[in-house]
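Dear colleague,

I am passing on the structure we discussed, and below it you will find what came out of going through it. Please read the notes with the coordinates open beside them.

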Amino acid sequence: MNPRREYRTSRGQLFDSVEEGGLRASAPYVSSTEIAEQENEHGLDILHDRVNVLKRLTEDIHGEADGHNRLLDGMASAMDASRGIMSGTMDRFKRVFETKSTRTIFTIVGSCVVVFLLVYYLTK
């Protein structure tokens with residue numbers, strides 16, 4: 001035997017590597033270009049699957065980003081509305097405290113509330 005060559009003794013050993021590439025074992029002679037072409041097709045199939053996975057992933061990310069943008073827009077609208085309500089309330093408080101008599105009444109009422117809360121917590 002020639003030491004440079006590796007001989008395969010059975011038909012199964014001869015076609016093991018060819019079957020892994022997707023070729024049929026019934027083809028007795030397969031050219032290297034056909035093997036390379038089938039390997040390329042297999043590689044393209046794998047690449048196609050990966051591209052489809054990435055496409056679905058980017059579509060999911062896009063959907064999530066759109067959902068978050070809608071949520072943030074809704075929150076911004078709610079904050080603007082609450083800011084308007086708060087500024088109206090503050091304007092009313094300013095008008096109430098502009099007159100001296102109502103300021104005195106609110107001071108008395110506020111003091112009573114503080115005293116009531118203080119007594120409530122001390123007796124509890």
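The UniProt annotation "transmembrane region", which comes from an unreviewed entry, covers residues 104-123. In this model, which is predicted, that span is 100% helix and 0% strand, and its end C-alpha atoms lie 29 Å apart. Please bear in mind that an annotation of this kind may be inferred rather than shown by experiment.

As for the chain as a whole, its secondary structure comes to three helices and zero strands, so that, in the sense of the order along the sequence, the pattern reads α-α-α. Of the 124 residues of the chain, 4% count as buried. The chain exposes about 11,400 Å², and carbon and sulfur atoms supply 61% of that area.

The aromatic contacts come next. The structure holds two aromatic pairs. In one of them, the rings of Phe116 and Tyr120 have their centres 6.4 Å apart and their planes at 20°, and the pair is therefore stacked; the centre distance lies within the 6.5 Å cut-off, and the angle is under the 30 degrees that stacking requires. Both Phe116 and Tyr120 lie in helix α3 (residues 100-123), where they are four residues apart, about one turn of the helix. The other pair is formed by Tyr120 and Tyr121, with 5.6 Å from centre to centre and 70° between the planes, and this one is edge-to-face. Taken together, Phe116, Tyr120 and Tyr121 form one aromatic cluster.

Thr107 is another residue of helix α3, and at 47% relative accessibility Thr107 counts as partly exposed. From C-alpha to C-alpha, Thr107 and Phe97 are 10.0 Å apart in space, while in sequence they are ten residues apart.

Finally, there is the matter of charged contacts. Which residues form the salt bridge, and how far apart are the closest N and O atoms? The structure holds one salt bridge, and it joins Arg83 to Asp80, with the closest N and O atoms 3.0 Å apart, a distance that counts because it lies within the 4 Å limit. Arg83 and Asp80 are three residues apart in helix α2 (residues 32-98), so they are separated by about one helical turn. Arg83, at 53% relative accessibility, counts as exposed, whereas Asp80, at 47% relative accessibility, counts as partly exposed.

With kind regards

Note on methods. Residues are numbered from 1 along each chain as its sequence is written. This is a predicted model: local features need pLDDT of at least 70, side-chain atom pairs count only at pLDDT 80 or more; totals for chains, interfaces and linings use all residues. Side-chain values use heavy atoms; hydrogens and water are left out. Rings of Phe, Tyr and Trp (its six-membered ring) pair if their centres lie within 6.5 Å; planes under 30 degrees apart count as stacked, over 60 as edge-to-face and the rest as tilted. Helices (H or I, at least four residues) and strands (E, at least two) are DSSP runs, numbered from the N terminus. Buried means under 20% relative accessible area, exposed over 50%, partly exposed in between (1.4 Å probe, protein chains only). Accessible areas come from the Shrake-Rupley method with a 1.4 Å probe; for residues, only the protein chains shown count as cover. A salt bridge is a side-chain nitrogen of Lys or Arg within 4 Å of a carboxyl oxygen of Asp or Glu.
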